[in-house]
Amino acid sequence: MATLTPTLTLASTDTGSDELSLSVTDSLNITKAIISPSKVALSTGDLTLFAAASYTKSYVYLKNTDDTIAMDIDFGTQLSIQLAAGEFAFFPWESSGNILAKSASGTPYLEYAIFEA
Amino acid sequence: MATTATISISSPDLMPGSSLSIAANTTLTKAGVTADLTQMETGVISLVSGTEYRLGPLATEMADDAHDIASYLYICNTTTEDATYYIDWGINETMIGRLYAGDWMFIPWNASDDAAEIEIEPQGGTNTIEYAFFNSDFILPTAAA
């Protein structure tokens with residue numbers, strides 16, 4: 001068993017007169033499969049990034065490494081996440097449906113990692 | 001100035017012979033432009049189990065194209081209870097994952113239409129969440145009367 005420590009920091013001076021400075025961390029036990037940070041070129045057709053049948057409870061990291069092109073991330077058929085250039089996401093996934101990825105245009109690279117609890 | 005999100009993911013023992021260290025940061029901007037986001041809603045809510053709740057606005061409660069891009073959602077389940085306490089989260093009746101005690105998530109949310117609402121359902125008992133929602137143009141619902 002290994003320990004994964006994800007930390008998120010949100011900061012803003014634009015969203016109110018009180019400055020936002022939020023930091024949260026977690027300690028996750030990882031006992032099964034991992035895919036350490038990897039990259040894949042997307043296209044405008046759906047790519048099955050993670051097949052639900054291959055995983056159980058997991059934590060997913062995604063980052064759009066492109067400078068201009070956006071990416072869509074779908075869970076089954078539901079359009080859910082749009083990663084604009086340079087954006088990232090981190091979330092728990094129960095492998096209840098496939099995670100699909102496609103680009104708005106071209107062949108931008110998606111960085112991804114998955115950690116199965 | 002700007003609104004920024006930074007993530008680090010690390011592990012000293014996940015892979016034999018090497019430590020894991022992921023880092024990324026992004027500036028949250030308005031849809032399709034480089035102007036900084038300026039609107040945020042944040043709070044702490046205790047949620048009783050047995051009910052599915054909507055978190056954040058509907059697409060029709062956001063102006064112009066703000067719902068298609070430039071919406072960001074952070075949720076943390078701050079409960080300290082055991083593993084029987086968790087929050088199912090999903091979009092449009094698609095259950096995606098579970099936030100156990102201390103777990104958090106951050107996503108750029110694509111609220112393409114009203115059906116793409118963020119849904120959360122506490123399990124096990126009362127769970128408390130901390131959340132923040134960033135968007136360039138969310139608007140208040142019209143009063144019913």
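Student: Let's start with β4(B). How many bridges join β4(B) to strand β9 (residues 118-123) of chain B?
Tutor: Three bridges join them, and the two strands run antiparallel. Two strands count as paired if DSSP finds at least two bridges between them. Strands themselves are DSSP runs of E with at least two residues, helices are runs of H or I with at least four, and both are numbered from the N terminus.

Student: And where does these numbers' scheme come from?
Tutor: Residues are numbered from 1 along each chain as its sequence is written, while chains are lettered from A and ligands numbered from 1 in the order in which they are written. This is a predicted model, with local features needing pLDDT of at least 70 and side-chain atom pairs counting only at pLDDT 80 or more, whereas totals for chains, interfaces and linings use all residues.

Student: Back to β9(B). Which residue there is the bridge partner of B:Tyr53?
Tutor: B:Tyr53 has B:Ile120 as its bridge partner in β9(B).

Student: What's the strand order of the open sheet in chain B?
Tutor: The four strands come in the order β4-β9-β6-β7, with antiparallel pairing. β4 (53-55) and β7 (94-100) of chain B each have a single partner strand, so one side of each is left without a neighbour in the sheet. From one strand to the next the twist averages 35 degrees, taken between lines fitted to C-alpha atoms, with angles running from 0 to 180 degrees between N-to-C directions.

Student: Switching to chain A: how many helices and strands?
Tutor: Chain A has zero helices and eleven strands. Its C-alpha trace spans about 45 × 40 × 25 Å along the principal axes.

Student: What share of chain A is buried?
Tutor: Buried residues are 38% of the 117 in chain A. A residue is buried if 20 or more other C-beta atoms lie within 10 Å of its own, exposed if 12 or fewer, and partly exposed in between, with C-beta atoms placed from the backbone.

Student: Which order do the strands take in the open sheet of chain A?
Tutor: There the order is β5-β10-β7-β8, and the pairing is antiparallel. The edges are β5 (47-50) and β8 (78-83) of chain A, each pairing on one side only. Further in, β7 (residues 71-75) of chain A is joined to β8(A) by five bridges, and A:Ile73 has A:Ile81 as its partner in β8(A).

Student: What about β1 of chain A, which strands does that pair with?
Tutor: Among them is β2 (residues 20-25) of chain A, antiparallel over six bridges, with A:Leu10 partnered by A:Leu22. Strand β1 (residues 2-12) of chain A is also joined by three bridges to β3 (residues 28-30) of chain A, where A:Asn29 is the partner of A:Thr3.
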